[in-house]
Amino acid sequence: MIQVNALPDDDRACGWYHTSQPRQAKPAHSGHSRARWAVLGAGYVGLAAARRLAERFPDDEVVLIEAQEVGFGTAGRNAGFAIDLPHDIGAADYIGDLAEANKVWNLNRFGQQQLVAQVERYGIPCELRHSGKYQAAVEPRGLAVLEAYRGGLDRLGAPYEVVSGDDLPDHIGTSFYKEALFTPGTILMQPSALVKGLADNLPANVTLYEHTPVSGVDYGDKITLSHAGGTLTVDQLVLANNAFGQHFGFLKGRFIPLFLYASLTRPLTAEEQSRLGGKDFWGVIPADPGGSTVRRTHDNRILIRNSFSFHPNGVGDRRKLMQFRENHRISFQRRFPMLPDVDFEYTWSGQLAMTRNHQSFFGKLAPNVYAALGCNGLGVTRGTASGVLLADWMAGERNDMVDFLLASPGPNRNPPEPFLSLGVNFSLWNTFRKAGLEA
Ligand SMILES: Cc1cc2nc3c(=O)[nH]c(=O)nc-3n(C[C@H](O)[C@H](O)[C@H](O)COP(=O)(O)OP(=O)(O)OC[C@H]3O[C@@H](n4cnc5c(N)ncnc54)[C@H](O)[C@@H]3O)c2cc1C
């Protein structure tokens, strides 16, 4: 029996969770039961994989197990950008190898299509809009990234529009940035509302158990998952629990659980909205990877996302919330001096599974054990696509996207401690420092 010694335990302060429609979580699993299929983790990968397995095997029960409540974990804590374009932060122009970039672009668009189809089919109230995104710069470093990114988009043949600093206030209110690239393919949404809605509209042969943290696993002819209230014995297991997957006996020491922080203001009054100006719904990602993501939401709040910390056991340090809220406050004041009295209502953290070589894992780990883990910063679209495609592959289907994912070399091994923590902490500090005003 493998004891799982790291379990999710997110803070209770996520603004997306609290401002989306409340839902009744499904009961936790209890007692001892059996099923043919189990999917562990109900984020983008797990929700998509469970749905597709259930469609592929309509006569079987698919069990989906979530440690917390759907919409409470990372899947509901992100900035809500369902991005189509490759975003290879390891490449100078964010695009990198062209053949690979085209495949990533396809994959991400496939993920978007899957999400849009479910949102439309079930009327999920997650404010999903095809609004595009601005990638904006203020520092020379960021402007150089935009220039390189533009070249990358030209090589890829992807549409974009250059928006000058003078014109940006008509788009996003603030005159803070010097330039932006607008790319129209990104979809913005309320992430917690999205995953809550996906969970409430699963096929009838999916049984979702929430508040069921799996703390032990026994591999063999059958696989037994144990938790405080019982066991589940299954024929086939899909690990969809991101960086926590490395505590299940495979890929140990290959993921880097980084924590990202975000704050959401109260809704702006009508008078504040007219002082701000610009469009009423938009999203900005920073040209510099250490900078701030900023959004104006459907309910007229402003979201700021910046600052990072590293917690190898996957549990954030609550004390950092107040420390990083101060960073958010400074970033807000730089961008929105016309809104001096607007406070944050929520500040939260969420875990991102980074890998050193920016590769994720997709495929088979052992007989009857499959996984799609480590979608890095594009988990909304890539995670959704990976979940669907993993289920398709398990059902015997091959296609170009499956082959592309299977061909990944997978995540590199991390250096041992204390070198890992020293290296990651230095790199996070340096990334944030170098972002300068863009943070
Ligand atoms: C602040 C922030 C902003 C971000 N912004 C964006 C963005 O704008 N766009 C984007 O694409 N990505 C963004 N990301 C990243 C994105 O949220 C992730 O890539 C995505 O959630 C990964 O999906 P996943 O299904 O692989 O894993 P997760 O969403 O992490 O889901 C895994 C699930 O497994 C569960 N689990 C773990 N261990 C166990 C266990 N032992 N038993 C049972 N359940 C378990 C967890 O509770 C969790 O719900 C952001 C992340 C953060 C933190």
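Let's start at Ala240, which sits in the loop that joins β12 (230-239) to β13 (256-265); helices (H or I, at least four residues) and strands (E, at least two) are DSSP runs, numbered from the N terminus. This is a predicted model, in which local features need pLDDT of at least 70 and side-chain atom pairs count only at pLDDT 80 or more, while totals for chains, interfaces and linings use all residues. Residues are numbered from 1 along each chain as its sequence is written, and side-chain values use heavy atoms, with hydrogens and water left out.

Is Ala240 buried or exposed? Its relative accessibility is 10%, so Ala240 counts as buried (under 20% relative accessible area, with exposed over 50% and partly exposed in between, for a 1.4 Å probe and protein chains only). Glu271 is 31 residues away along the chain, and the C-alpha atoms of Ala240 and Glu271 are 45 Å apart.

Now for the ligand. The shell around the ligand has 37 residues (a heavy atom within 4 Å), and Tyr44, Val45, Glu66, Phe81 and Gly377 come nearest. Helices α2 (44-56) and α9 (379-394) and strand β17 (344-354) each give at least two residues to that shell, with β17 supplying the largest share, 3 residues. On its own the ligand has 990 Å² of accessible area, and the protein covers 96% of that (Shrake-Rupley method, 1.4 Å probe).

Next, the aromatic rings. The whole structure holds 12 aromatic pairs; rings of Phe, Tyr and Trp (its six-membered ring) pair if their centres lie within 6.5 Å, and planes under 30 degrees apart count as stacked, over 60 as edge-to-face and the rest as tilted. In Phe176 and Tyr177 the ring centres are 5.0 Å apart and the planes meet at 80°, so this pair is edge-to-face. Phe176 and Tyr177 are both buried. Elsewhere, ring pairs tie Phe332, Phe336 and Phe344 into a cluster.

Charges sit over rings too (NZ of Lys or CZ of Arg within 6 Å of the ring centre and within 35 degrees of the ring normal). Arg109 lies over the face of Trp105, 4.0 Å from the ring centre, and Lys279 lies over the face of Phe182, at 5.4 Å.
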